[in-house]
Amino acid sequence: MTHDLVATLRPLLTAEASAEAYSSGGEPGDLEQAVWLRLLERLATDGPPPDPHGWLRKAVRAEARRTRRTTRLERPYGAEPADDIRPGPEQLALTAARYRTLRDAVRRLPGRCPRLMEALLSPRDLTYREIAGELGISQGSLGPERSRCLGCLRRLLGPEVASREVRG
């Protein structure tokens with residue numbers, strides 16, 4: 001019975017959906033699919049409609065109205081959702097992980113290096129004069145000290161960075 005009803009209604013649904021879809025801002029195929037779904041739901045609960053052709057016309061118009069209402073309420077994005085300007089959650093998580101790895105390595109440095117590197121990484125953006133004053137060393141020795149600390153940091157981070165690379 002269902003197969004006969006579908007075969008009988010298919011040409012009418014195609015014509016009705018084609019006539020209504022564009023005025024509602026939708027696609028005929030989408031409208032057809034929505035009406036087929038409505039018919040299957042009705043068959044499962046109430047059985048076939050007494051006037052299948054009349055029911056189909058009403059269903060197509062109702063779905064077209066629903067599509068028009070939905071289209072009126074929907075607004076396009078102001079910018080592309082996959083906006084490359086701002087980092088996404090994955091990028092933020094990776095950046096935070098790299099930052100934690102760097103901070104952990106800085107804490108493991110020998111001597112005055114942890115304090116020096118913390119001063120260099122400070123969000124206050126300290127000048128060499130301010131860093132030298134904080135650490136109690138001359139401004140002239142800050143460059144060579146910084147160079148030694150960065151060398152130690154590279155050696156500490158080398159194995160950690162290398163171990164995360166995919167091999168093979």
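Modeller: The model under discussion is predicted.

Biologist: How far does H3 reach from its first C-alpha to its last?

Modeller: H3 has 22 residues, for which 32 Å is expected at 1.5 Å a residue.

Biologist: Why do the buried residues of H6 lie on the same side of the helix?

Modeller: In H6 (residues 128–135), the buried residues are Ile131, Ala132 and Leu135. They are on the same side of H6 because the arc they cover around the axis is only 100 degrees.

Biologist: Which exposed residues does the face of H6 turned away from its buried side carry?

Modeller: Exposed means over 50% relative accessible area. On the face of H6 turned away from the buried side, the residues that count as exposed are Arg129 and Gly133.

Biologist: What is the radius of gyration of the chain, a compact globule or a more spread out form?

Modeller: The chain holds seven helices and zero strands. For 168 residues the globule rule gives 15 Å, and the value for the chain is well over this, so the chain is more spread out than a compact globule. Its C-alpha trace spans about 95 × 40 × 25 Å along the principal axes. The radius of gyration is 34 Å.

Key. Residues are numbered from 1 along each chain as its sequence is written. This is a predicted model: local features need pLDDT of at least 70, side-chain atom pairs count only at pLDDT 80 or more; totals for chains, interfaces and linings use all residues. Side-chain values use heavy atoms; hydrogens and water are left out. Buried means under 20% relative accessible area, exposed over 50%, partly exposed in between (1.4 Å probe, protein chains only). Helices (H or I, at least four residues) and strands (E, at least two) are DSSP runs, numbered from the N terminus. The arc is that of the directions from the helix axis to the C-beta atoms. The expected span of a helix is 1.5 Å times one less than its number of residues. The radius of gyration is taken over C-alpha atoms; the globule rule is 2.2 Å times the number of residues to the power 0.38.
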